[in-house]
Structure formats: C-alpha cells, structure tokens
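Work through the exercises below with the model open. Each task is followed by its solution.

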Amino acid sequence: MFTLYQSNQIASLAEMLVKVQQVNPLKDPFEPETILIQSQGMAQWLQMQIAEVSGIMGNCNFLYPTTFLWQQYRVLFPELPKENIFDRNSMAWRIMRLLPSCLHQAEFAPLRYYLANQPSEEQYQLKLYQLSAKIAELFDQYLVYRPHWLVHWEENNLQAVENELRSAIVTKNIDLNLITADMKWQSHLWQQIVQDLEFSVDNRIFTTSHRAYLQQNYFEKLDNLTDAEREKLPKRIFVFGISAFSPLQLAVFKKLSEHCDIHIFFFNPSEKYWGDSIEDKVWQKLALTHKISPEDLDTLLMEQSNKLLNLWGKQGRDFLAQLMEFEPNTIDVFIEPDESSNLNKLKKQIFISENNATIDHLIEDHSIQIHACHSQMREVEVLHNQLLNLFEKDKNLRPKDIIVMSPDINKYAPYIDAVFSRYAGSRDPRYIPFSLSDQLWTKIDPIINSFLQLLAMKESQFNAEYVFDLLEVGAIQARFSFSSEDIHTLRIWAKNAGVRSGTDIQQPYWYNYNSWENGLNRLLLGSSLKESHGIWENTLAFSDSYGLNAELVGRLASFVSVLLEWVKRIQLPQSLAQWHLAVKTLIADLYQENAENAASILLLNTVNDEVLALISTTRFAENLHIEILALIFNQQLNQSSQQLNFLAGRVNFATLLPMRAIPFKVVCLLGMNESDFPRQQQINSFDLMRYAPQKGDRAKRDDDRYLFLEALLSAQDVFYISYIGQSQKDGKERLPSILVSQLLDIINDSLEPEFKQKLGSDAENVLVRKQPLTVFSKKNFTHVRDSAYNAEWIINPTATHQEFLSEPLNTDMEDDISIEIENLIRFVQNPIKFFFTNVLGISFNTYDDTIDDSEIFAMSGLDNYIVLNELLDIAPEQQEQFFKQEQLKGNLPASNFAKITQQDLANKISDMRATLAPYLMKESTVLSFNQSIVIDEKVINLYGNMTNLYDDEMVRWRVGRLRDKDKIEVWIYHLLLCIYCPEKMVKFYYREGGQIGELSFEKLSSEEALFQLMVYIKDYLTGLSKAQIVIYHNIQRYLKSKGENIEKALSDLAEEDSRDGSYLNRILSQTTALNSQAIYQRTVSWFGLMNEKIR
C-alpha cells in the first residue's frame, strides 16, 4: 500500500506517524520500525515528538533513503558488495587509471589539452585526479537521473542520446556539435569503465550494481519472491519530511508498496494542488514565443498560484507532481494559519495558494525582521540583542524555541562563540545558552587540523612558529611529555638559539644558521658545554640548556626528528600501501591517545583504512604524490561534522540544510548575502543533462530556494533575517540575497494602498533595519526600533569621573630613609613608570616571544646595537672569531650578506673604540657611595656604586644615539661628583650620524649641585605616594615652548615613547584636568639647569 500524508504542519505529520504506529502496530514487537529521513536533525526532532506523544521512543531505525535502498538490494541480492561498485569515489580512481590511455584518441582532445603542459609531475597527477573526480560525479548523476543514456552508450547507440538532446535544444541557440563532441568522449570512457568492471567483478554483481539494470532486476525479483525472501522485506516503511526523490528511487518505493506498506509524510505548505504551477517568468517567455496578448498574459498571471510558491517551491512542486503520478492513497491534515501577524498573513496566502495578503502594519509588527549589518561580527552582535529583546517581551520563550541557521555555520562559529560566550560562567541575565552544530571536524578539532597541516608540509619552510604551533596540540604535548611551561621555555630557547626556519644548515649556495639543525645542535651541545667554551665541531653551545635541562632538549629533538622524517618521506611519490603504513606510523608517533581524543585518532585511522580499501578495489597501482593524499584526506574528513549538540535545549546554531523545517518559535537566518545564498553551483561545462532538463533533476540553487521557503514556514512567531548590507570601508549599500529581495517585493505588493500612501515609502525602507557599524554606536541606544543590552558601552554624563588616585597614597615614612642612586636615576628618567612599577607593583611591559619566520638578510637597529656594544670589548685581532661565533648563533645575515654586515659593523665601531681606547686599556675602578642628606628634618641616606672610574674621570658610553634619559643619568652623576668629589668629572660618549659625540656638563658649586639634587630627592619622596607628571622626552623642545598646550605635549610624549608611553596613557585616561603650570614648573625645576650646563 502506498499512502501519502499531507500537512502544512510538520508536527501534525509526526502525530499521524505515531497514530499509524498505535492503530496498526507491527505484528512482531521486536521488529524495528524503518523511518527514512533527510537529515539527522529531523531524526532527533522526530524521536522527541514520538517520545512526547507515546511516552517512549525506541526500536526505530532512522536511515537515509540511498542507504536504505542499497540495503534492500542486498537483501534480495546478497552477492552485492557492501558498497556499490559504481560509487563515485571509487569510480574516480578507476577513471584516473583508465583516462591516460584514452588521451591519444581524437575524441579526447579537449581533455588532452586541459592536462597538457603541467609544470611538474605532481601538478599533472593532481589535475588528473580532480578531472577524474568531476567526471565520476557526473557519471553518478547520469546513473541516477539518466540511466538510459548509459545503456545506450554501452550498446554503442549514441544516436538515441543525440536525438534526445537535439529535441531538447531545438528552440535554443546551442551548437549541437559541441554537445556531440562531449558525448563522444564520455560514451567512450563509460564503455572503458564498464569493460574494466566486467573484467573485475562477477557479471551478476555488475548487472545488479548498475542502476540502469538494477531497477529492472529488482522489479523482476520482487515479482518472483520466495516466502523466505518476502519475510526479509520490511513490513512497513515511513518516509518522513523528505522533499525530493529521483524518479528511479520513487519508482522503487512504488514497487515496494506492492509488498509492504509505504507511508510518505510530505510537508505541503498549501492545501490546494500546486504541482502544475508555473513561474511568472515562464509565462512571460511563453508569451514571447507563442505571441500571447498582454491581456491574456495578465489573466494567466492573475490565475497563478502563490508567488512565493512559484519562486521558491520548484523542488517541492516537482516532487508533489511525481507523487501524484503514482495515484497514492491520500490523507490530508491541513491547518489553516491565522492572520495575527505579517508572517502568518504570508503563510495564509501560501496555504490558500493566492496573492491577496493585506499588510497594514510594519513598524509595530516584529514577526518579520530584516537587519543589514556591516560584518559577520555585527550580525551576531545584533542577533544577540534582538534575542534578548524577544526574551524580554515573551516570558514563555525559551532558548530551545530558537534556531539560527547560516549557509555555512563554520564562517560564523568564531563570532558566535565570542559574543554568546561573553557572559558565560557569570550570573549575568544577558547570557543565552547556545549550542553549535554542523561544524566541520577540520575546523574545531586541533588533532584533525594539525594532521592536515602535516600532510601539506612538503613545501613547508619548517618555520619555528609552525613547529611550536603543532606543539600546542594536547595529544602531541602528551606524546612527548611536554607541559605548557616546557613549551614556553623551549620557545624562548629556540628563539635565542637563532632558530627561525629551514631544516638543514647546508644549502645549495650558502649555510643556513637559522635552521633547526643548527639550533638543535646548539641546544644539545649546551647540555654538556657552555658558550664560553667556544666553538666545537663548528657548533657553539647554548648555555641555557646546560646540565639538567638536557632531557627537555632531548624530547624536543625527538619531536623535530619525527617531523623531519615525515617531511623527508613526503618528498617522493609512494605506493598506496606505503602511504597507508606511513600515515599510520605518523599518527602513532605524534599523537598520544586518551579518553578525550580517542574519537579523533580513531577517525584518522579509520579514514586511512578506508582510503586504502577504496583505492585497492579499483586496481589503481601507480605511486601517489602527497598532494593527492592530502586532497583525499581533506575531502574525507570534511564530510564528517559535529552534530551532537543539535536540539540540545539551547539556542541552536546550525548550517542551513535540507529538512531543517522543524517548527521553532523563532527562526533566524544569518549571512543572507547576494553572493552567498542561494549557494553558488559550479556548472560542469561538459554536463549533458543541462541541455535536456527533466522534472526531478536536482539543482543546488533550487534546493536553497526551497530551504528558504521551509525556513519561513517553520517559523511560528518570528522570521529573522540578517545580511551584510553595508560596507565596512565606506558604508556603501550591499544587496541581500535575491530571495530576501523577492520577499520584500511580495510584502511591498501586499501593503494596503492607504497604508502604503501613509508610509510614504516602500516596505524595504521600513522593514530593513540598517544597523550601525559598531556595538557601541549611540544609535544602538537611541533608535526607536532597536533594543541594545550592552550597558557597559553607555557613558553616564552625570556619573562622577574616577580620577587616577585622586588622593595620595598613605605611605608611612621612617625618619631614616635610604635611596639607591640607580632608583633615583630611574625616577628622574621616567617618574610615571617608576610610580607604577616600584610603588604600585604594576608593569605594562610585554614580552614578544614571536619567532621571525625567515633567515636574516638585514639586521635590525636593536641587533646592530647589541653587536656593536659587544664589539667594543673585542680586540681587532679577535673580531674574526667573534663574528664566527655570531654567525653560528644565527645572529648575522645569511650568505654574503654576513660579510658585508661584518665589515660595516667593524667600520662603525672603529671610531668609538679609538675614542675609548685610553680608557679600555686601563682597569676601571668602582666608587662605593654612601652619604646622608637632611631634608625637612629627615635623614636621607643616598647610596650606590659609581662605576667606570678612570683616574679623575667617570666615563660612560653608548654605541647608539644620545637620548634624554642618557643626559639625565649623566647629569645626576655629575651633581653627585660636584658635591662629594669635585675633583672628578663625568663624560659620556655616543654615536650619532656616523660621528662620535661627547656629552659633559659645566662645573657647579657644591651648594648649587646639592640644591638641584635635593629637588629630585624631595620629588622622589613625593613620588612614592603620588605620580609626578613631567616631560622627560624631547625636553628641550618643550622648554622652548614655554609649556604651551600641555595636552598635546603629553599626548606626543605617550605616542613617541613607544616602550613606556602606556604608563602615561593610563594616567591621562583617568585625569579630567591637568595642571599645566605645575607640570611646566616641575619640568623647569628638574631640567632647566641641566640644559643650561650642557657643554
């Protein structure tokens, strides 16, 4: 019996299914029910519905139609293999083996030209595989939708197919010769495939696997069943919520209905028959070709069924027409929608298949929402706010009542997680429980992702960052017993050991001392030697890895050796068996299996085994390049997605897939952009089906149109749409999906004339809400139709501003206070940083442990400074040895650039060394300093060491330019010498513009110097309780300005001081008013005399 159940409510279809089970239960209570579905999401929902109505759900097999039908074929033909020999994945490898031997034939000239002149064997093989996969996909479509063509080709009756194609294009401007040319090579290749399969498998397996013969054989078998075979057939089959079958599949189900009950539950949006409706554009084309008058055309258009059904319902319309051709027993349970909202008014018109909706409210009605945003992030932020608003308005709304779908949820997953997880773990009422489904394992599983990276390492530069990224994978860490602290340590060591990229030191024309080989040699040698021991076997030890750190370095070396062995292996093509073993070994060597990652590692091993089994059946025996293997694993692993969270009682985020038309109160669609939906389908240029389309043919864009219709119909209260409708760069308008535009057109046509006149614009201008660029835009909080819940972005004008430490800190100072000279200098050089670091214990400094990804070709200014500073202590005759060590450390540029750099550095330092020669030849002395100063009846003990004393001179130097902080340091030492050692003086040498400069100050009287020193000490004591703001950079420029525009001066100071400006920025951000006069006076009192006394 073949029974069709129709309803515009999917829940009603589920109730009917349960009713059938209850009224007519299976005779054998242990026999499972067979329910065919189109998505796992529908299976989960249906299980919940059955459990809710029946009180229990169990013993049901939910299967995809293709899987079920193949199982039924194997029931009656047990000799059939588990997988069809015409499976397109195996057919691709068969074609890849057979195609090269056909390319010399004239019919294959287009393919021969396509594959010719490839730059390498790898590229040729990759292109050959991609072409073979496309052809296999096309032949698979022929098997499903045009099996008679293949039979004609096997019988060498090309004329029959040509006649069919000629009839189809008779009214079209298409060159039949081009079609015939494609048909000739396709028919010949198909004949080769058939001959190869007939040679490989038993004839009975071949004829029962071939879909063109299978239907006939299966039908004959069904007509001649034995009692034993009849018992093997299912007693009842439920087909639930499927919106499309191929004609072949539908015919099989019709035939099966002679032996078992077939119950098809079809989601039909309209109570009227619309299987023969025609789109407006089709009528218009007919009007042109058949010269229908405009009046008759208007009449035809007026008599048409609902426009939305015509525009979006082709897939369902064709399926309904196919079903009705079989004249099934029909049971209808239609429920007429009310007209309580604009959404329901549209549904009502679809239900009655008319176009007479009357919409007179747009602003007050929120059942249809359309939002134009600037980015995917803003789409998700706006969605979060709108959902909060819906929860606030409807107290009965629950997170499980909401589904959010996108054409590709993987693109939105990071933004969803960032926005919706923001309030997780807190008691913030803005937290909305959510779950993400349909994410590809390759996007969310670090093991799968890292494995695919390993397959793509053939041309890798083996960058240090890439290697350490792999070490972030937990299973790899566990395999080599690394902790997070270990990896952090190793990263620093690798960076300091000069590792950047590359595997080997020896290169064709130079030596790469930034390679892993050199870095590991240094680290390993460092376990027994130190750098001070010098060069050993052309390697300089790395001191930090000395002693007990050897075991840690050894584990890093083991990890890198596994990677190097893998990279070496994938350079050359190998047989399939060799690749299988290599991949299996790689997985075992790199990943430590545990309870958390067992599924991921099992998936990798399973795919590895499946690839071997798949290709082995096709007798493909050529060696494969790693590029092909990587592509296969990518394809296989991307077929697996995570669906465990769907319908988990939270807001569901999922990919827009067939039959997600499960009823939800709120249905939201993200990413409804013109270029993204309907999803683009790459047309196969040699697909012959496109010239002769037939009812039941599948088209991805038609599928997406029907998905959009299903989404609208499944929304019970709110249908929410968002798209990127504004450019982030210039705000230019961007178009939504054509389906959204069509929906707006229908709504606009449905507006009541008086309301439309009152509105003064089209529906689009009112219904589409153009969202601001940022979440903190003022418009989010002031627009009458928006509801923003981001209270943290609201600035309260009446709130008191939190000043930065408006009151001084309470510091109890003893009568005897000790100040180290170095601390006093650091205070005067930057009193703001000193307050944060020494008083508050706060540091804003960050350590950048990023490792550069290429060898050195030019040294940075900092690297130059470090090497020049070290060169000062190196005698000219020892420079060559010094540079050799620097080269082995990976600190010098590569190849001949190193020689140029060495000469340049030697020349730069020669003048400085000549200037400092009189001092460097002597031993410097250290003056221990400990003096007491009484200030405001408090004894201040000033102590420290004054280094670099040469007779009566204190000499300091810098191989870089002169900075204000250098002046300050020398100035304070100058003050101390003037007070306590007036016979001594201080000099400072520096390099600037290729010249050697000297800094010194005019002599001061001890009284004058003591007075200036006491200014610093007094402010130092004040600075222990309150930050002292002073201009400490570009001091001379500021003093010349007489303290004008202090705000700009401080802003420039914070910007110019790239290293420590963040401290000043923090104070400025929390200070409403600046005392410009006090800042100027303090700067003058600190540095006015210093600038005057510079020689």
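**Exercise 1: the sheet**

In E17, Ala372 has Lys770 as its bridge partner. This is a predicted model: local features need pLDDT of at least 70, side-chain atom pairs count only at pLDDT 80 or more, and totals for chains, interfaces and linings use all residues. Residues are numbered from 1 along each chain as its sequence is written, and side-chain values use heavy atoms, with hydrogens and water left out.

Solution: 
- Step 1. Strands are DSSP runs (E, at least two residues), and helices are runs of H or I (at least four), numbered from the N terminus. Two strands pair if DSSP finds at least two bridges between them.
- Step 2. Contact means heavy atoms within 4.5 Å.

**Exercise 2: a glutamate in a helix**

Task: Is Glu381 buried or exposed?

Solution: 
- Step 1. Locate Glu381 in helix H19 (residues 376–393).
- Step 2. Its relative accessibility is 15%, so Glu381 counts as buried. The cut-offs are under 20% relative accessible area for buried and over 50% for exposed, with partly exposed in between (1.4 Å probe, protein chains only).
- Step 3. Leaving aside neighbours within four places in sequence, Glu381 is in contact with Val419 and Val775.

**Exercise 3: ring pairs**

Task: Which kind of pair do the rings of Trp93 and Tyr129 form?

Solution: 
- Step 1. Rings of Phe, Tyr and Trp (its six-membered ring) pair if their centres lie within 6.5 Å; planes under 30 degrees apart count as stacked, over 60 as edge-to-face and the rest as tilted.
- Step 2. The centres of Trp93 and Tyr129 are 5.0 Å apart and the planes are at 40°, so this pair is tilted.
- Step 3. Trp93 sits in helix H4 (residues 88–98) and Tyr129 in helix H6 (residues 121–145), 36 residues apart. Both Trp93 and Tyr129 are buried.
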